[in-house]
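Please look over the model shown here.

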Amino acid sequence: MHDLQLAAGGRLRHLITLAGMPRATIERLLERAEAMRHDSQGGARPLDLLEGRTLINLFFEPSTRTRTSFDLAAQRLGALVINFDIERSSTVKGESLLDTIHTLEAMHCDAFVVRHKESGTPETIARNLRSNAAVLNAGDGNHAHPTQGLLDALTLRRRVEDFSKLSIVICGDIRHSRVARSDVDVLRTLGVRDLRLCAPPELLPQSDAAEFAQCSFVHTLDQAIIGCDAAIMLRLQKERMEAAAIPSEADYFARYGLDAARLARAKPGCVVMHPGPINRNVEIADEVADGAQSLILEQVSNGVFARMAVLAELLERR
Amino acid sequence: MHDLQLAAGGRLRHLITLAGMPRATIERLLERAEAMRHDSQGGARPLDLLEGRTLINLFFEPSTRTRTSFDLAAQRLGALVINFDIERSSTVKGESLLDTIHTLEAMHCDAFVVRHKESGTPETIARNLRSNAAVLNAGDGNHAHPTQGLLDALTLRRRVEDFSKLSIVICGDIRHSRVARSDVDVLRTLGVRDLRLCAPPELLPQSDAAEFAQCSFVHTLDQAIIGCDAAIMLRLQKERMEAAAIPSEADYFARYGLDAARLARAKPGCVVMHPGPINRNVEIADEVADGAQSLILEQVSNGVFARMAVLAELLERR
Amino acid sequence: MHDLQLAAGGRLRHLITLAGMPRATIERLLERAEAMRHDSQGGARPLDLLEGRTLINLFFEPSTRTRTSFDLAAQRLGALVINFDIERSSTVKGESLLDTIHTLEAMHCDAFVVRHKESGTPETIARNLRSNAAVLNAGDGNHAHPTQGLLDALTLRRRVEDFSKLSIVICGDIRHSRVARSDVDVLRTLGVRDLRLCAPPELLPQSDAAEFAQCSFVHTLDQAIIGCDAAIMLRLQKERMEAAAIPSEADYFARYGLDAARLARAKPGCVVMHPGPINRNVEIADEVADGAQSLILEQVSNGVFARMAVLAELLERR
């Protein structure tokens with residue numbers, strides 16, 4: 001993957017995963033995201049770095065939130081954005097995904113933002129391109145969601161000076177979560193040493209899974225959150241509750257939901273994060289979601305800047 | 001509401017309703033709409049007043065016509081427009097409307113154009129914003145459709161000098177019509193004294209309803225139209241015919257449709273308006289809809305300029 | 001039609017069909033398409049010829065590929081593009097097509113790109129316009145697909161010097177194909193003399209059909225391809241197989257599919273074209289579709305430039 005994502009000289013060619021991405025590359029992207037916030041005055045001023053570039057949003061799973069974030073990021077940099085409507089596209093007519101990609105490349109499209117329920121789809125596309133287009137993974141199966149990892153790191157970075165001193169818990173359906181994987185990837189690379197995974201037993205990955213190496217596994221949130229600086233709560237896919245032997249949302253909330261009482265077990269000022277959209281009073285109590293320690297909306301803001309940074313890195317002419 | 005819509009100094013903050021809006025504000029908006037027509041050479045020349053601004057179209061009811069009008073108005077002023085696809089959005093995933101709004105605000109969106117079948121939704125959104133974003137009501141339940149009221153006033157204003165001398169009939173399902181309410185609001189404020197409401201008895205509001213104060217109530221169009229300067233015909237929601245004890249479209253047309261014979265009972269040159277889309281030969285006969293006295297397409301043109309004026313007033317940097 | 005498409009002085013007013021279009025007009029459009037490729041550096045540089053112009057994509061049949069091509073062509077020339085969502089539009093509310101068109105004209109829209117399953121719809125729209133807007137036929141029934149004809153001619157023109165010396169086979173469901181008709185129109189006008197139509201007997205048009213005058217009719221591809229310089233393979237509408245007494249895709253491929261063995265019967269270097277999306281191993285074998293003689297993706301690229309040329313010709317201010 002490393003060879004696929006990074007060109008000679010360390011320039012980013014595609015963004016498929018944060019696993020194995022050098023710390024210098026990650027820090028460069030985070031610096032650039034901060035610069036984007038500054039240069040665009042928080043999103044109010046359009047830049048023209050990507051004028052003449054065309055980006056295609058290819059979402060095979062619905063996700064207005066992430067799609068809109070990419071759309072805004074690209075347009076605010078001056079790119080032309082086409083939201084390719086999958087349900088009505090010629091995939092309906094039996095055209096294969098790669099034929100669709102090659103067709104769009106032939107129309108001089110410069111980047112594909114891809115979300116797909118199957119892990120590996122963005123990589124497959126990147127390996128089969130016929131042009132210099134870039135592929136941005138916007139979430140594939142349970143594999144990776146690298147811009148989410150970057151925006152989460154960006155959000156924490158604005159609050160802390162030294163990642164190596166942080167204790168962080170990630171709580172929810174770790175096993176099936178691409179957010180958890182990308183967060184673990186980026187946080188370990190940035191130096192976090194105390195990274196705790198908390199989930200119902202059936203939704204924890206194998207404790208010897210290489211992808212979660214160096215993480216500790218904890219079964220109760222009451223315990224996992226003790227002394228934490230940050231709690232990253234994952235979205236519950238309701239169809240997974242049964243597999244986890246959890247009979248109801250109320251039951252999930254009672255065991256894995258973050259309310260004020262549980263949050264009080266963490267360090268004072270422990271920040272609360274969630275990739276959104278949240279299920280209120282399932283993953284997080286209203287009082288916490290809307291409370292002073294919640295960074296949920298800041299994550300959303302940072303998402304646009306992180307995506308602007310990645311797009312500029314991938315598409316800027318040089 | 002007054003305090004919600006108008007900032008200190010009289011600047012418009014949101015556009016939720018025309019009820020209670022000061023005459024000076026309305027006239028300023030209409031003047032500006034005329035200036036928009038002039039400066040954009042009828043829509044041919046893009047302006048850049050809103051460069052860097054982002055507008056979100058949030059239509060919870062389908063309405064390509066009004067959505068397109070807002071879309072064109074905003075883009076011709078240089079704004080970036082996102083058409084937020086409600087059916088596929090995370091409202092599907094159970095995210096509440098306000099969480100969606102706060103998420104979009106966090107992405108630095110400057111305005112929300114909202115259409116919703118429930119009266120009050122735009123106001124609820126405006127009262128719960130966390131940023132300086134503006135809310136534009138594009139039609140909520142049977143409550144208000146303020147840009148329609150403005151464009152109707154703009155259309156009449158180009159033809160008449162003195163609103164106080166006009167006789168105007170509004171005909172159709174008054175009870176359930178947000179267009180009727182916004183038209184009555186703006187026309188009364190501009191000085192119209194002879195405002196007649198005509199509808200099947202079951203579709204007239206209570207004659208003591210404060211919102212229609214100073215209007216007269218007439219049951220037959222034959223009578224209501226006598227001596228009128230303008231006839232505003234409302235769209236028939238077909239599912240309302242039964243409630244009105246009207247067995248068929250032909251029956252509605254026979255009693256409330258505007259044909260040449262009925263129009264001849266009005267003043268010579270009486271203008272004919274309709275918010276569109278029209279049901280031909282239900283509300284208006286072809287001969288009238290396409291005749292010299294019809295202003296229906298002029299209303300559509302004016303809709304873009306009225307919306308440009310409102311957007312400029314709400315979003316222009318100062 | 002001639003009077004409808006061409007203004008006095010030979011300027012293009014609409015693009016409905018290539019039938020009867022003067023050779024000089026076609027060559028001017030092809031020259032301009034080449035200039036578009038050059039001036040836009042292959043699509044990388046936006047031009048501003050159409051700044052302030054508004055184009056509406058009105059697709060009553062799904063076609064992401066053609067719609068995206070028009071969308072990119074128009075936006076890269078600086079136009080504002082509205083993709084009018086037919087399924088949710090007021091055609092749902094019973095508004096007639098012409099009322100929708102007049103409404104959009106009243107919003108100052110400059111061009112309508114129309115795809116419709118019924119032949120003649122773009123012409124009907126063009127004949128009933130109330131403004132100076134232009135109509136571009138993006139495919140109507142089995143009547144015409146003129147930009148496809150132009151892009152196919154553009155693709156061949158870059159390879160050959162003298163159309164009059166070419167032998168070309170068009171293979172597939174000729175009877176129902178608007179692509180075949182527009183290709184025949186443009187190729188005959190450019191001087192091709194040996195134009196062969198190959199189809200299952202039930203899918204060949206009458207051999208005395210005026211629209212295919214001067215073409216030869218051949219029942220087997222084995223024979224039709226002998227000595228050809230170009231093979232244009234048509235897309236198989238699967239619902240037509242039954243009518244053609246073809247029991248399966250494999251059977252179609254065996255008789256009318258283009259594989260390497262069949263291609264070897266053509267002239268060396270015979271180019272292979274297809275309007276896309278292709279059904280792999282139904283109309284064309286993988287080895288041919290992806291082979292050195294395939295121009296399929298070049299057609300896609302040329303489609304954007306051909307559409308830019310047509311749009312500039314129709315909408316450029318003068």
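## Loops, chain contacts and packing

H108(B) sits in the loop between α4 (97-106) and β3 (111-116) of chain B. Helices (H or I, at least four residues) and strands (E, at least two) are DSSP runs, numbered from the N terminus. This is a predicted model, in which local features need pLDDT of at least 70 and side-chain atom pairs count only at pLDDT 80 or more, while totals for chains, interfaces and linings use all residues. Residues are numbered from 1 along each chain as its sequence is written, and chains are lettered from A and ligands numbered from 1 in the order in which they are written.

**Positive phi.** H108(B) is not a glycine, yet its phi is positive, about 65°. Is H108(B) buried or exposed? H108(B) is buried, with 22 other C-beta atoms within 10 Å. A residue counts as buried if 20 or more other C-beta atoms lie within 10 Å of its own, exposed if 12 or fewer, and partly exposed in between; C-beta atoms are placed from the backbone. Q41(C), also a residue other than glycine, has a positive phi near 50°. Q41(C) lies in the loop between α2 (23-39) and β1 (54-59) of chain C. Q41(C) is exposed, with 10 other C-beta atoms within 10 Å.

| Bond | Omega | Loop holding the proline |
|---|---|---|
| G276(A) to P277(A), cis | near -15° | P277(A): between β9 (271-273) and α11 (286-289) of chain A |
| G276(C) to P277(C), cis | about -10° | P277(C): between β9 (271-273) and α11 (286-289) of chain C |

**Chain A and chain B.** Two residues are in contact if their C-beta atoms, placed from the backbone, lie within 7 Å. The contact takes 21 residues from chain A and 20 residues from chain B. On the side of chain A, α3 (64-76) and α12 (296-315) are the elements that give two or more residues. The largest share, seven residues, comes from α3(A). That side of chain A has nine nonpolar, nine polar and three charged residues. Here Ala, Val, Leu, Ile, Met, Phe, Trp, Tyr, Cys and Pro count as nonpolar, Asp, Glu, Lys and Arg as charged, and the others, Gly among them, as polar.

How are the two copies related? A rotation of 120° with 0.0 Å of shift along its axis superposes chain A on chain B, with RMSD 0.0 Å. That is the relation of a three-fold axis. Copies are superposed by least squares on the C-alpha atoms of residues with pLDDT of at least 70 in both.

**Chain B and chain C.** In this pair, 21 residues of chain B are in contact with 20 residues of chain C. On the side of chain B, α3 (64-76) and α12 (296-315) give two or more residues. α3(B) gives the most, with seven residues. The side of chain B divides into nine nonpolar, nine polar and three charged residues.

**A helix pair in chain C.** The axes of α6 (residues 146-157) and α12 (residues 296-315) of chain C come within 8 Å and cross at roughly 120°. Axes are lines fitted to C-alpha atoms, for helices over the stretch in contact, and angles run from 0 to 180 degrees between N-to-C directions. Residues of α6(C) in the contact include L150(C) and L154(C), and those of α12(C) include F305(C) and V310(C). The contact divides into six nonpolar, five polar and three charged residues.
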